[in-house]
Each structure stands twice: as structure tokens, then as C-alpha cells.
Amino acid sequence: MNSTRANKNENTRMSNSLTCRKNSELLVVMGIDPGTKTGLASYDCNTKQLLAVKTMKIHEAFEEVRNQHRTASAVGGKILVRVEDARKRKRYGANSNAKMQGAGAIKIQCKQWEEFLKTEDISYELVAPQRIRTKVDAKQFQMITGWTERTSNHGRDAGMLVFGL
């Protein structure tokens with residue numbers, strides 16, 4: 001099945017069939033937390049460890065994902081990209097009007113990620129924010145993942161999208 005031709009429900013089924021445990025061709029799962037500062041994390045399916053937890057500009061993240069896809073393809077493997085999709089957020093809590101304003105820009109980035117991944121023919125999953133454990137502090141993140149390097153909240157959110165798959 002080609003996820004770039006699939007609807008949203010098929011994307012979810014596609015990623016479930018591509019988790020590290022179920023697919024030996026899957027080498028790396030990348031997590032993306034879109035925003036003015038894009039969080040990016042890479043998880044190695046063979047070693048079951050995080051390879052990277054970073055914060056960068058969106059164009060740098062696009063290039064990193066493209067390079068990881070090319071590297072995996074060169075050895076007959078695949079990657080999966082999991083994007084936190086703000087378009088699926090239903091509740092905004094306190095100060096909801098202000099939060100909805102900021103979410104508009106992030107929703108645009110989510111659309112850009114979806115278009116980029118389709119164009120590059122990279123398997124992906126758009127994940128609703130409520131389905132992800134986010135906003136963990138650095139100490140909790142280290143205890144959960146074993147990652148000891150410095151992280152931002154954006155990088156940690158991306159890491160939580162992929163850790164343990």
C-alpha cells in the first residue's frame with residue numbers, strides 16, 4: 001500500500017503495519033513536532049534507541065527527513081515519519097482564543113509536512129495531539145528514553161512520538 005495515495009484512515013493503518021516490531025524493512029521512525037521551532041527525533045528500529053533529538057527550522061527538518069529517506073532507500077530500507085497534526089486538535093483549554101490563533105500557523109505547517117511527505121513518497125502518519133504523551137520535562141524524558149543530551153520541549157515532543165515503537 002502506498003501511503004501517499006491513501007486517505008487519513010489508511011495512513012494510520014499503514015503506520016500501524018510499519019511499526020518497528022512488525023516490519024523488518026523499517027529502519028528509522030522520525031517524529032516531527034511542527035511549529036516555529038520544529039522538533040525532530042529519529043528512532044533506530046534495530047537498536048531500539050533514539051539517534052537524534054533536535055530543534056531546527058522547518059526547511060532544515062525537510063532536508064534531514066529527505067536525507068534519512070535516501071539513506072534508508074539506498075540499503076533497501078524504509079523510514080516512517082510521524083507528525084503531530086495540530087489540525088486534529090479539538091480542545092485548547094485556558095486562553096483558548098490566543099492558543100487557536102497560534103495553532104493556525106502550526107496547522108499550515110502540518111499541511112506543508114503532509115504535502116512534502118506525499119511528494120517525496122515517504123510513509124507517514126498524522127497523529128492527533130491527544131494521542132501523544134507530550135510536554136514531559138527533561139528529567140522525565142531522560143528517565144523514559146535514556147537520552148542524556150540537552151533537549152528542548154519541541155525535541156522532546158518529537159521524541160515521544162517515536163520512542164518505543
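Glu 60 lies in helix α2, which covers residues 58–74. Helices here are DSSP runs of H or I with at least four residues, strands are runs of E with at least two, and both are numbered from the N terminus. This is a predicted model, in which local features need pLDDT of at least 70, side-chain atom pairs count only at pLDDT 80 or more, and totals for chains, interfaces and linings use all residues. Residues are numbered from 1 along each chain as its sequence is written, and side-chain values use heavy atoms, with hydrogens and water left out.

**Helix α2**

- Glu 60 is partly exposed, at a relative accessible area of 38%. Buried means under 20% relative accessible area, exposed means over 50%, and partly exposed is in between (1.4 Å probe, protein chains only).
- Glu 60 and Leu 40 are 20 residues apart in sequence. Their C-alpha atoms are 10.0 Å apart in space.
- The 17 residues of α2 should span 24 Å at 1.5 Å a residue. The end C-alpha atoms of α2 are 24 Å apart, which agrees. The expected span is 1.5 Å times one less than the number of residues in the helix.
- Ile 58, Ala 61, Phe 62, Val 65, Arg 66, His 69 and Ala 72 are the buried residues of α2. They sit on the same side of α2, because they cover an arc of only 135° around the axis. The arc is taken from the directions from the helix axis to the C-beta atoms.
- His 59, Thr 71 and Ala 74 are exposed on the other side of α2.

**Strand β1 and its partners**

- Strand β1 covers residues 26–33. Seven of its eight residues are buried, so β1 is largely enclosed by the rest of the structure.
- Strand β4 (residues 78–84) pairs with β1 in the parallel sense, over six bridges. Two strands pair if DSSP finds at least two bridges between them.
- Strand β2 (residues 38–44) runs antiparallel to β1, and six bridges join the two. A hairpin of four residues leads from β1 to β2.
- Val 29 has a partner in each of these strands. In β4, its bridge partner is Leu 80. In β2, Val 29 stands opposite Tyr 43.

**Salt bridges**

- Side chains of opposite charge can pair when their charged atoms come close. A salt bridge is counted here when a side-chain nitrogen of Lys or Arg is within 4 Å of a carboxyl oxygen of Asp or Glu. By this rule the count is ten.
- Glu 63 and Arg 66 form one of them, at 2.8 Å from N to O. The two are three residues apart in α2, so about one helical turn separates them. Glu 63 is partly exposed at 34% relative accessibility. Arg 66 is buried, with a relative accessible area of 18%.
- Arg 87 and Asp 85 form another, also given as 2.8 Å from N to O. Arg 87 is partly exposed at 26% relative accessibility, whereas Asp 85 is buried, with a relative accessible area of 1%.
- Arg 87 also meets Glu 114 in a salt bridge, at 3.0 Å from N to O. This pair links distant parts of the chain, 27 residues apart. Arg 87 is in the loop between β4 and α3 (96–120), while Glu 114 is in helix α3. Glu 114 counts as buried, at 6% relative accessibility.
- Asp 85, Arg 87, Glu 114 and Lys 118 belong to one network, joined by salt bridges that share partners.
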